[in-house]
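Here are my notes on this one, in the order I'd go through them. Have a look at the model first, then read on.

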Amino acid sequence: MTKITVLYGTETGNSELLAMDICKAGENAGLECENFGMDEIDNSDFCDIQNLLIVCSTWGDGEQPDNAIDLFDYVEGLGDGELENMKFSVLALGDTAFDLFCEAGIQWDKVLEEKGATRIFDRVDCDVDYEDDAEEWIENVISTFE
Ligand SMILES: Cc1cc2nc3c(=O)[nH]c(=O)nc-3n(C[C@H](O)[C@H](O)[C@H](O)COP(=O)(O)O)c2cc1C
């Protein structure tokens, strides 16, 4: 059975709720799903993930949320090609009122590609009313695994 790992980066819980929605949609489609906060997995387990879905908000001035900082730094430090067995897609949460709209999600999308992972569905950048865009991304991304 295809297994999907959802990692969320969040400060106030929006990304966490969406991660739960992603898992529900995956399980309804017959996939095995697990979800973790980005500070809840060991760095050493990260490289073994085969199907990774990231949902991450942006904080401060275009910065990673607190629970994402350590994992992001770790992934940035990996060598080129170290994630070549990984497939991924990113759902970015933000607010167009900020100059660096959805910057943290953009950084995840970029670093995963740089380290050799394969993007299976394009990143979607969501504004504060994220529900509809997020739902569409979830449907599309889950259908790529069916
Ligand atoms: C203090 C603060 C700083 C923020 N900075 C940014 C930012 O630089 N860029 C952006 O796109 N969104 C920014 N946001 C918007 C959040 O990313 C957005 O509200 C998101 O839905 C929060 O999701 P979360 O609950 O998963 O953390 C900021 C929000 C707050 C309250």
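1. Helices (H or I, at least four residues) and strands (E, at least two) are taken here as DSSP runs, numbered from the N terminus. On that basis the protein chain has five helices and six strands, and they run β-α-β-α-β-α-β-α-β-β-α from the N terminus on. The radius of gyration (over C-alpha atoms) is 14 Å, close to the 15 Å from the globule rule (2.2 Å times the number of residues to the power 0.38) for 146 residues, so the chain is as compact as a globular protein of that length.

2. A caveat: this is a predicted model, where local features need pLDDT of at least 70 and side-chain atom pairs count only at pLDDT 80 or more, while totals for chains, interfaces and linings use all residues. Numbering starts from 1 along each chain as its sequence is written.

3. Contacts mean C-beta atoms, placed from the backbone, within 7 Å. Of those with a separation of 6 or more in the protein chain, 80% join residues 24 or more positions apart.

4. L18 sits in helix α1 (residues 14–28). L18 counts as buried because it has 27 C-beta neighbours inside 10 Å (20 or more is buried, 12 or fewer exposed, in between partly exposed; C-beta atoms placed from the backbone). Leaving out residues up to four places away in sequence, L18 touches V55, L91 and A134. L91 is 73 residues from L18 in sequence, yet their C-alpha atoms are 9.4 Å apart.

5. Around the ligand there are 22 residues (C-beta, placed from the backbone, within 6 Å), with T10, N14, S15, S57 and G94 coming nearest.

Terms used:
Contact = placed C-beta atoms within 7 Å.
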